[in-house]
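Biologist: Could you take me on a close look at a single part of this model, and then show me what else surrounds it? I'd enjoy one connected walk-through.

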Amino acid sequence: MKKFTKLTSAVVPLNIENIDTDQIIPARFLKATTREGFGENLFRDWRYENDNQPKADFVMNNPTYSGQVLVAGKNFGCGSSREHAAWAIQDAGFDAVISSFFADIFKGNALNNGLLPIQVSDEFLAQIFNAVDNNPKSALEVDLENQTVTIVETGAQESFEINPYKKSCLINGYDDIDFILAQKELIAEFEQAK
Amino acid sequence: MSKTLVEKIWDAHVVKSEEGFPDILYIDTHLIHEVTSPQAFDGLRKRGLPVFRPKQTVATADHNVPTLNQLLPIKEELSRYQVDMLTKNCAEFGVELYGLGHPFQGIVHVIGPELGITLPGKTMVCGDSHTSTHGAFGAIAFGIGTSQVEQVFATQCLLQSKPKTMKIEVNGELGKGVGAKDIILYIIAKISAAGGTGYFIEYAGSAIEALSMEARMTICNMSIEMGARGGLIAPDQTTFDYIKGREFAPAGEEWDKALAYWKTLYSDADAKFDSVLTFDAADIAPMITYGTNPGMGMGIQEHIPATGAQPEKEKLSYQKALDYMGFDDDSSLIGKPVDYVFIGSCTNSRIEDLREVADFVKGKRKADNVTVWIVPGSKQVEQQAKNEGLDKIFEAAGFQLREPGCSACLGMNEDKIPAGKYCVSTSNRNFEGRQGQNARTLLASPLTAAAAAVTGKITDVRDLLEKVNP
């Protein structure tokens, strides 16, 4: 799994609430049997016309905005459990997603792929959107070790929560299977006792 | 110590619990399908691992399958490849597959219960968010991502933090023309598409207890649409009667033993929930959605809420949803023309749903402007419908009874709603493009969908019921 420790980057702002996984990656693109290549269809129907021409008003098609951090409105990733949503975001070059609220399954899927979901307060989210409105190149610093996210220009900072186990997985690049496989004897004992 | 139902089942499945780590939770049954499993099988190959407990794993093909001429090769190349891949993977790893042509094939959340695989007290997972359906039997059932599918393949366990618990009580009697789908759409409209996030929900109260198993599955199915990890209902005599005699249900001495355990599965009277909500069944009208998430629903006689009444920072998203749907705020949907009616999906494709629709449309005919697809949840439901002569009723009404699959719920196969068209759908999601690019979905109950099919427009089904039974 991809490691995550610290990054400083400009952001791609998507100030829409309840962005569901069907918007992130529509079902018709779920027919691939590998994990790669979903990035080109990330936000497909918001990003492209039917004839594959980029929609000029979508933020990912605006060269003013770029970066490894996607910032979105609350309840990001609701709906389907498709892990393809996390794969698509990562494949498109993002390493972290910031929102004031994440749907559970999406959050788990992101963590299992080294894509860091950062939940901030509504107020801090509004500050980030404001900073980017004023200066599209405004950068954020994300520090996983210290669990902080900082708006570089203003110095405004907020801490975020993360399960300590998942944090160490991200920092070290471990996944859950490695962890559970080490407990196989316990699992067999559990089955015996059942 | 008194416990909630979720805690009882959870605690009975914890292999290891350690401070600072998620629990290692044992999974009794793993359901898989063609869309979210191939990368997980690949992961096993890369690690050189087998499926640890193949006998606790059941596969079916449902998301991509055509709903006409299912025995012919699948026309769409990528869909065919994905379904073939499932067949190959199941053969290689020793997993039972109820694929196309098998009498048990169907939507994964329909076949589990009807085969007696879904049982009270079990832990069940599937790479599909509507796995919460199985909670109707008093099981802990939830959707997982593909990395977790691989975890369960490899270890029959998952790393999971214990969820918070919420109790939602619905008491009293439902009005005429109001059913389980209306209850759940009502609850989601009240608490929003994110109102259950982080919780496992137990549904209780006299209105829930009065429901059939099919209706309970409809309720639990849509738990995810308010963000909840899962939803469940304590098993009772209705549950036991439904399970008894099914293909893989315990029998003989095993039945007696199982039943004794199942009867201990309820929340203790003084158990503490993290949140409790109470609703009155009499307040619930036939529901319909007007927007692009399942929380945007209302009683069918109500007006779409005014944009001006939305919180300031939500106005933009709210108006975007209404623009997509082509609806004005503060307007009624009654009388709006409809192009398609879809009766199907893991929410409402069981025999009881088909019976209810057939009973309503018997002797009626669909409106000329509407295309009606009825997609049964499984081969068994399809066969049962034919045995009961429902197919003849549908045919006479101009409804097309197709073959089982997920179909137009998510349009991964050919069953797509064309751009700009309105579809009254018994499925679970009205997201933009969910049923086809730029398709417009209005979620409703099977009865409300049938009423739209017959009149060709959004209709309060109660008006039609009163004409039949004054």
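**The sheet of chain B and the interface**

Modeller: Happy to! In chain B, 5 strands form an open sheet with parallel pairing, in the order 5-4-3-6-7. Its edges are strand 5 (96–98) and strand 7 (140–143) of chain B, each of which pairs on one side only. From one strand to the next, the twist averages 20 degrees. Do keep in mind that this is a predicted model.

Strand 6 (residues 123–126) and strand 7 of chain B run parallel and are joined by 4 bridges. Thr123(B), for instance, has Ile140(B) in strand 7 of chain B as its bridge partner.

Now for the partner chain. Here 55 residues of chain A are in contact with 65 residues of chain B. The area buried between the two chains is about 5,000 Å², and carbon and sulfur atoms give 57% of that. On the chain A side, Lys31(A), Thr33(A) and Ile177(A) lose the most area to chain B, together 15% of what that side buries.

Charged and polar pairs cross the interface too. The rule finds 9 salt bridges between chain A and chain B; in one salt bridge, the side chains of Glu17(A) and Lys313(B) meet at 3.3 Å, N to O. There are also 29 residue pairs in polar contact between the chains. Several helices of chain A each supply at least two residues to the side that touches chain B, among them helix 3 (84–91) and helix 8 (184–193). Helix 7 of chain A gives the most, with 6 residues. By class, that side of chain A has 21 nonpolar, 16 polar and 18 charged residues.

Notes:
Residues numbered from 1 in each chain as written. Chains lettered and ligands numbered in written order. Predicted model: local features only at pLDDT ≥ 70, side-chain atom pairs only at ≥ 80, totals over all residues. Heavy atoms only, no water. Contact = heavy atoms within 4.5 Å. Buried area = accessible area lost by both parts, 1.4 Å probe. Salt bridge = Lys/Arg side-chain N within 4 Å of Asp/Glu carboxyl O. Polar contact = N/O pair within 3.5 Å; in protein donor to acceptor, adjacent residues only side chain to side chain. Nonpolar A, V, L, I, M, F, W, Y, C, P; charged D, E, K, R; others polar. Pairing = 2+ DSSP bridges. Axes fitted to C-alpha atoms, helices over the stretch in contact; angles between N-to-C directions.
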